[in-house]
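Visitor: I'm new to this one. Can you put it up and walk me through a few parts of it?
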Amino acid sequence: MKLLRDTVLDPFLLGIITVAVLASIFPATGTAEDVLTWVTRIAIGLLFLIYGARLSPRDAWEGIKHWRLHSVILASTYLLFPALGLALRVLEPSLLSDDLYTGVLFLCLVPSTVQSSIAFTSIARGNVAGAVVSASFSNIIGVFVTPLLVIALMTTTGSAGIDPGSILRIVAQLLLPFAVGQLLRPWVTGWLTRHSAPAKIADRGSILLVVFAAFSEAMNHHVWSSVAVWRIGIVVAVCVLLLAVVLTITWYAGTLFGFPLEDRLVLLFCGSKKSLASGLPIAAVLFVEQPVGLIVLPLLLFHQIQLMVCTVIAQHFAGRPEAEPIPVAG
């Protein structure tokens, strides 16, 4: 399948893999490591400033108007996923090490994707407008909710040592740049619309920096030498199981709530996704002096798996007979 092949060989995903390999072979040390840390922090701040500048008050209002659909999607992202993540603690430490389980739980707490959720909904001929609002809403809420969930759930479960300083880092690196972006929006939104390349470079470049820093740190702390190959296989199996369970629940939840097919597709794709773009920067802020490379590994694997699986699902629905025009959400 051409679409499946294009998804698997996505240049950005290949770039992430390449950067991870390079960092594992040539990790930054000494002064280079310090410089990399500061450059990464600046890039993360710039990324969330762009997020703030992109979110329009109109999109937020549209999300509120179609509250039933978006409430179910948010419940899947921030209630269902965390509940499943906590349930998977039974696998620790026999099948998942402490750090790998921390990564699985963190994966369950990050926002939904934006680009792929919208793309798959469009391919499947679902309610694209609803997907745009839901995905955007999930990410803006995630800036606040994900760090709070990490602090609450991971502190109480003992999975990670989140100290009070994390709150200050969240404010300085995530919330403050986001707020500045909102304030600058009237002046920069037009420029961002006309010049998408710089924003795209900042978006993806910050992710590549975080990946390089995470895997470089993993090598410097000899993380990989402490992880058995079979445990990585367990993580893959857990990601597949997690995605299958959420896809099944969101699909039948759409039927239960009486949503039309187009809205059920929005719920299916937006409610089952986890964002690599948002998750990696948040992990870099929260898990200071911890094995970030190992913690974000489940998110990296889940992201690739969800792309491949949802490509097949989107193709299936794209092949259905033409129907009446899709109603606009609201």
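Guide: One term to start with: a salt bridge is a side-chain nitrogen of Lys or Arg within 4 Å of a carboxyl oxygen of Asp or Glu. Keep in mind that this is a predicted model.

Visitor: OK. How many salt bridges does the structure hold?
Guide: It holds 1 salt bridge. The side chains of R89 and E92 form it, at 3.6 Å from N to O.

Visitor: Why would side chains pair up like that?
Guide: Side chains of opposite charge can pair when their charged atoms come close.

Visitor: And E92, buried or exposed?
Guide: E92 is buried, because its relative accessible area is 18% and the cut-off for buried is under 20%. R89 is partly exposed, at 38% relative accessibility.

Visitor: Switching to helices. At what angle do α5 and α12 cross?
Guide: At roughly 25 degrees, with the axes coming within 9 Å. Helix α5 covers residues 67–87 and helix α12 residues 261–271. Angles under 35 degrees count as roughly parallel, so α5 and α12 are roughly parallel to each other. The crossing is right-handed.

Visitor: Which residues make the contact?
Guide: From α5, they are L69, V72, I73, S76, T77 and F81. From α12, they are D263, V266, L267, C270 and G271. By class, the contact has 7 nonpolar, 3 polar and 1 charged residues.

Key. Residues are numbered from 1 along each chain as its sequence is written. This is a predicted model: local features need pLDDT of at least 70, side-chain atom pairs count only at pLDDT 80 or more; totals for chains, interfaces and linings use all residues. Side-chain values use heavy atoms; hydrogens and water are left out. Buried means under 20% relative accessible area, exposed over 50%, partly exposed in between (1.4 Å probe, protein chains only). Axes are lines fitted to C-alpha atoms, for helices over the stretch in contact, and angles run from 0 to 180 degrees between N-to-C directions. Helices (H or I, at least four residues) and strands (E, at least two) are DSSP runs, numbered from the N terminus. Angles under 35 degrees count as roughly parallel, over 145 as roughly antiparallel, 65 to 115 as roughly perpendicular and the rest as oblique. A crossing is left-handed if the near helix is turned anticlockwise from the far one by less than a right angle, and right-handed if clockwise. Contact means heavy atoms within 4.5 Å. Ala, Val, Leu, Ile, Met, Phe, Trp, Tyr, Cys and Pro count as nonpolar, Asp, Glu, Lys and Arg as charged, and the others, Gly among them, as polar.
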